[in-house]
Amino acid sequence: MNTTEKITVLPEAVTHWLRYLSAEKRYSTHTVNAYQRDIQILLGLYPSIPLDKIQNTQIRSAIARLHSQDYTPRSLARILSTWRSFYKWFSIHHHLTINPTVDVKAPKVPRTLPKALSADQAKTLLDTGLNLSSHNPIAARDQAMFELFYSSGLRLSELVNVDIQFHKEGQYESQGWLDLNEKEVTVIGKGKKTRLLPLGEKAIQAIEYWLSKRPLLLKPSTPPKDQYALFLGERGARISPRVVQIQLKKLGIKSNIPANIHPHILRHSFASHLLQSSQDLRAVQELLGHSNIATTQIYTRLDFQHLAKVYDQAHPRAKRKK
């Protein structure tokens with residue numbers, strides 16, 4: 001039984017923190033909403049205690065209570081990470097003397113490898129889309145999106161924010177833009193970090209073809225800030241992350257690939273295939289925009305898993321009894 005109370009009115013400090021994440025850190029709406037939900041869990045556990053009065057023992061107790069309510073280790077780690085982030089900001093901006101999240105640990109999260117397509121599966125997926133791309137502007141758009149995903153290893157939020165070219169007007173400033181002449185795409189990712197990424201020839205071809213069809217999706221009602229969006233939805237506005245997910249899943253079904261096809265799998269596949277070919281971990285780290293190389297190192301495990309499988313299948317002395 002979940003014992004937390006539903007908190008509908010947020011403390012002023014939480015509201016300011018969420019605004020800071022959105023305006024200053026440039027976190028996506030999805031991420032900010034997730035952070036808000038995690039803070040609401042803490043507020044629900046201690047509805048009568050102000051946030052600046054919560055103690056270290058109460059944070060530990062909160063994690064234990066959530067664990068008893070069958071929250072997974074991964075969920076608990078995410079929730080505790082949110083609480084740490086909030087109290088780090090709270091301590092600085094409200095002169096909190098003690099951060100109650102210090103030295104609190106969540107249950108250990110099992111280390112799982114990211115899912116990635118094989119090189120042949122990625123080719124099958126994109127070639128299937130290529131065969132559809134001449135039919136209508138939606139198919140052309142989708143092919144360009146997925147070629148760009150796989151070519152440059154973008155995050156979903158980065159992809160939907162890409163503009164045709166850099167534009168700044170009033171309160172609007174591009175968070176990603178193309179330079180087809182230089183065969184590059186610039187994105188501003190997590191923590192407002194700017195990355196300059198190369199574009200492959202297949203991606204350039206697909207994007208150029210889509211740009212020839214893009215005027216068909218522009219509408220009189222298209223918002224001014226979306227006039228510059230590279231990818232548009234059927235109603236003429238900037239495409240939403242949810243539409244990208246749906247369209248990629250449809251393509252996966254048409255391709256008959258036995259995997260759960262989602263946008264992040266193309267980013268994982270980009271990283272895995274690049275690392276297999278180059279063995280340059282630092283370069284992959286830069287291209288993915290990881291601040292910590294330990295995050296990128298998980299792909300070395302993925303690469304080794306592939307090599308170990310080949311070894312087991314091919315080496316005459318490696319056959320293992322089942």
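Reader: Which hand does the crossing have where helix 3 passes helix 4?
Author: Good place to start, with one note that this is a predicted model: local features need pLDDT of at least 70, side-chain atom pairs count only at pLDDT 80 or more, and totals for chains, interfaces and linings use all residues. Residues are numbered from 1 along each chain as its sequence is written, and side-chain values use heavy atoms, with hydrogens and water left out. A crossing is left-handed if the near helix is turned anticlockwise from the far one by less than a right angle, and right-handed if clockwise. By that rule, the crossing of helix 3 past helix 4 is right-handed.

Reader: How are helix 3 and helix 4 oriented to each other: roughly parallel or roughly antiparallel?
Author: The axes of helix 3 (residues 56–68) and helix 4 (residues 73–93) come within 11 Å and cross at roughly 155 degrees; axes are lines fitted to C-alpha atoms, for helices over the stretch in contact, and angles run from 0 to 180 degrees between N-to-C directions. Angles under 35 degrees count as roughly parallel, over 145 as roughly antiparallel, 65 to 115 as roughly perpendicular and the rest as oblique. Helix 3 and helix 4 are therefore roughly antiparallel.

Reader: And how many residues in the contact of helix 3 with helix 4 are nonpolar?
Author: Helix 3 brings Ile59, Ala62, Ile63, Leu66 and His67, and helix 4 brings Leu76, Ile79, Leu80 and Trp83, where contact means heavy atoms within 4.5 Å. For the classes, Ala, Val, Leu, Ile, Met, Phe, Trp, Tyr, Cys and Pro count as nonpolar, Asp, Glu, Lys and Arg as charged, and the others, Gly among them, as polar. The contact has no charged residues, 1 polar residue, and a nonpolar count of 8.

Reader: What is the orientation of helix 2 to helix 3?
Author: The axes of helix 2 (residues 29–45) and helix 3 also come within 11 Å, and they cross at roughly 105 degrees. The two helices are therefore roughly perpendicular.

Reader: Stepping back, what share of the protein's residues counts as buried?
Author: The secondary structure comes to 13 helices and 5 strands; helices (H or I, at least four residues) and strands (E, at least two) are DSSP runs, numbered from the N terminus. Buried means under 20% relative accessible area, exposed over 50%, and partly exposed in between (1.4 Å probe, protein chains only). Of the 322 residues, the buried share is 42%.

Reader: What geometry does the aromatic pair of phenylalanine 86 and tyrosine 87 have?
Author: Rings of Phe, Tyr and Trp (its six-membered ring) pair if their centres lie within 6.5 Å; planes under 30 degrees apart count as stacked, over 60 as edge-to-face and the rest as tilted. The structure holds 10 aromatic pairs. In the one formed by phenylalanine 86 and tyrosine 87, the centres are 5.1 Å apart and the planes stand at 75 degrees, which is edge-to-face.

Reader: Are phenylalanine 86 and tyrosine 87 buried or exposed?
Author: They belong to one aromatic cluster, together with Trp17, Tyr20, Tyr27, Tyr35, Trp89 and Phe90. As for accessibility, both phenylalanine 86 and tyrosine 87 are buried.

Reader: How far apart in space are histidine 16 and phenylalanine 90, C-alpha to C-alpha?
Author: Histidine 16 sits in helix 1 (residues 12–23), and it counts as partly exposed at 32% relative accessibility. Histidine 16 and phenylalanine 90 are 74 residues apart in sequence, yet their C-alpha to C-alpha distance is 9.8 Å.

Reader: Which residues does glutamate 158 contact, leaving aside its neighbours within four places in sequence?
Author: Glutamate 158 belongs to helix 7 (residues 156–160), and at 3% relative accessibility it counts as buried. Beyond its sequence neighbours, glutamate 158 is in contact with Val187, Gly189, Lys190 and Arg195.

Reader: What is the relative accessible area of lysine 183?
Author: Lysine 183 lies in the loop between strand 3 (176–179) and strand 4 (184–188). It is not a glycine, yet it has a positive phi of about 60 degrees. Lysine 183 is partly exposed, and its relative accessible area is 39%.
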